Amino acid sequence: MKFAVKAWSNGKARTGFLQLGNCPAAIDTPALLLSTRKGLPHFISPDLLPSLPSPDSHLLQFSPLHFLEGPSSKTISNIGGLQHLLGLHEYGFAAVARDSVQSLPECDATNKFGASFETTCGRRLIRPVEYIEMISSMKPDIWASLADEVPSWVSDKRNKTSVDRTVKWLDECIALNSTGGAVFGAIVGGNDLEERQRCAVEVVKRNVSGYWIGGFGFGESMDERPSLLDAVTDVLPEEMPRMICGLGLPGIVFQSFGVEVV
Amino acid sequence: MALRFEILGRFNRARAAQLTLPHFTCQTPLFMPVGTQGTIKGLTTQQLEEIGCQIILGNTYHLALRPTSELIDELGGLHKFMNWPRAMLTDSGGFQMVSLLHLADITEKGVTFQSPVDGKPMLLTPEESIQIQNRIGADIIMALDDVVKTTITGPRIEEAMYRTLRWIDRCIAAHKRPHEQNLFGIVQGGLDPVLRDICVRGLVDRNLPGYAIGGLAGGEDKDSFWRVVAQCTASLPEDKPRYVMGVGYPLDIVVCSALGADMYDCVYPTRTARFGTALIPEGVLKLKHQAMADDTRPIDPTCDCMVCRNYSRAYIHCLVTKDAMGSQLLSFHNLYYMMKLSRDLHSSIVRGQFPEFVRKFLLRMFPHGDVPQWVCNAMEVAGIDISSCCAPMSSPLTSEICEVGFTKLSEIE
Ligand SMILES: [Zn+2]
C-alpha cells in the first residue's frame, strides 16, 4: 500500500491518493468504502460493479466475521484469499471486524482475552489469534486491528479498559501477523477526549501503516464528534492514511475532516 | 398478425426457426423466463440481455393489480416501464386466478374471483383480459382459456375445452392491436386425444399467429405429457410458432423440441435457485448440501457464465438461502444455463446435428444409461435414435447416484 497527501485545505482536511497492490488505479482520497455482506456489495452482483464510478468504488470493506459460518479459513486460503473467492481481482479490500448490521460489538461480553460480537451465528468471542488466522486466509489489502469498542454510556473505568485492551491486542496482532496486508492500528476511547488521545499516542508508537478510528456510532452525540476527531487527528502523523467507520449518513461524513477513508 | 416465423432447419419433427416479433427477432427453440411483476428477481434487464434472453413473460394478473395496466399504458407500455427492449409475452391472467385464488369460479361470462385488494367479487372476461393485455403492450398476448387441473377427468374437461373455443372468438373480437400484438390461442382438452384434436382444429380454423399447448405441467404422468405435446405439434400448422406453457425442466424442453415445439416458459430455474439448487448438465446441484462447504470447484466447470467463472461452490454454499446474493447468483447461472440450452437446441438443428446433441445431453444427465422410459418412448416418435444412451435393461446398478449432492432431474419432479 502506498499513500500520499496531495493538498491541504486551510483547516485540517486534505486530499491524497491510495495505491493498493491489487487495484490497478490509484484511489483518490477522501474515499468512501463500499460496505459488503460476505464480501459483495449488497444486491450488486460483480458483473454490475464496473457500472459504478471507477476507481472510486474499488475499495470494499468487509467483516471477516461474516465468514464464521463458512467457508473455512483453510478453504478461503486454498482459493487464494478473498479477492479470488469473490472474483474481484481489481478491487481493494479493507477488513474491519465490526460492521453496522451483522457483526456488532457486544462490549459486556468482551473480556481480556478477546472482543465479543453479535453475529449471524450468535455471540462469538474473537481473540487476536483467531482474528489474525482469518486475516491471513483472506489476505485483505488493509486490515484494522482488533478493537474493544464500547458505547458512549459505559463507565470511565470500562472506557479506559477498552483503550488498554485495544492497544494490547494491536501488539498481539502485529506479533502474530504473517500477511503482506497493511495494518491499521485501531484507535478507541469513546467520548473521552483524554482517553482518545492516550489511545492515539500509544498506537502511533507502533509499527502500523495507517490508523483506524473506531468507537463511533455507539451513542455519542453528533456535537461531540468534531472535538473527539480533532483530539485524535492532532496526534496522528500527517503522512499516514486514516480510516473511520460507523458514522452513518453521508451528511455526517463531512464532519470528519482530516480522515481519508470513510 | 405481427410476427414472421421462418424455419431455418429441421430434424424430423424438430425445427429451428427465426421468429420476428415487433420488439425482437428471436431464435427458436427458446425459453422465456417469468418476470412476474415486470422484473426477474435478482437480475437487471441489462444482465438478461447479456445472457441472451429473448422474450420475458409478464403475469397479467399481477401487473393488473399493481401497478395496473392503465398506469403501464400511461407510462408507454411494459417495455418502457421495465426498460426491456426485447420481446415480451403476457399471459391471460386466468391461470393465476385459478391457481392462486381458491375462490375463483368459472362461468360462461368469465372467471369470477375475490379481489385480493378489497375482497370484492371481480369478473375477468375474455374481453377484459385482452383489453388489459392491449394496454400492457407485449409482443405476444394469450387468449383467456378455461383452465382445469390436468389430473381432473370427466365432463369438466370437455366443458372447458369447448368454452375455450367459444372464448377465443370473444378474444379475437376484443383484440384492438392485431398489427402490433400477436394473439395466441391455447389448446385445451386434458389428456383426451379426441378433445385435444377438436380443440386444435377449432383454433387452427381461426388462423391465429401462434398456438400454445395448455393444461400441461400440472402433475400428469410424463408419458401422458409428451403424448399430448406430440399429438398437438403433429396437427398444428408448420408455419406458426408452438408454445408449450409452463414447461421448464431442461429434459422436458429437449423432448418437446424433438417433438416440434418452439417456445417454453417456467418459473423453475429461478424458483429452484431461491432454494439453493443449480441446474447443471448432470441434473441439479444442491448448493445447500454440506459437501459443498469446502468444494473449491465452480458450480459447473463447463459453464462460461459470470458466476461459474468467478465463484466456488464453497462461496455459493455460504450464501444460499441466507443472503439475497445467493439466489441472485444462482438465478443468473440457472437462466444462463436455460439460454445456453435454447441456443444449443437451435444451432444443433440448424447444423443438422440434432440427434448428436440429444444423445450427448442424455449421456451427461444419465451416465449410467438409465434414461427414463417416457423419454425413450418420446424419442422413438421423434425419430431420434438414442439406443446408445440406454443401458441394457438387466443392469441393476444404473439408477444409483454416484456423487454427493447430485440428484437426477427426474427424481425431483
Ligand atoms: Zn454458470
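**Note on the contacts of chain B**

1. Across the interface of chain B and chain A, nine residue pairs are in polar contact, both residues at pLDDT 80 or more; a polar contact is a pair of N or O atoms within 3.5 Å, where within protein one must be able to donate a hydrogen and the other to accept it, and residues adjacent in sequence count only if both atoms are side-chain atoms. The model is predicted: local features need pLDDT of at least 70, side-chain atom pairs count only at pLDDT 80 or more, and totals for chains, interfaces and linings use all residues. Residues are numbered from 1 along each chain as its sequence is written, chains are lettered from A in the order in which they are written, and side-chain values use heavy atoms, without hydrogens and water.

2. Three salt bridges are counted between chain B and chain A (a side-chain nitrogen of Lys or Arg within 4 Å of a carboxyl oxygen of Asp or Glu). One of them joins Asp323(B) to Arg37(A), with the closest N and O atoms 3.9 Å apart.

3. Chain B and chain A bury about 1,700 Å² between them, 58% of it on carbon and sulfur atoms; buried area is the accessible area (1.4 Å probe) that two parts lose on being put together, summed over both. Tyr311(B), Tyr315(B) and Met325(B) supply 28% of the area that chain B buries against chain A, more than any other three residues.

4. Within chain B, the area buried between domain 1 and domain 2 is about 2,900 Å², and carbon and sulfur atoms give 82% of it. The domains, 4-267 and 273-381, have bounds from an automatic or database domain assignment. Between them the count is zero salt bridges.
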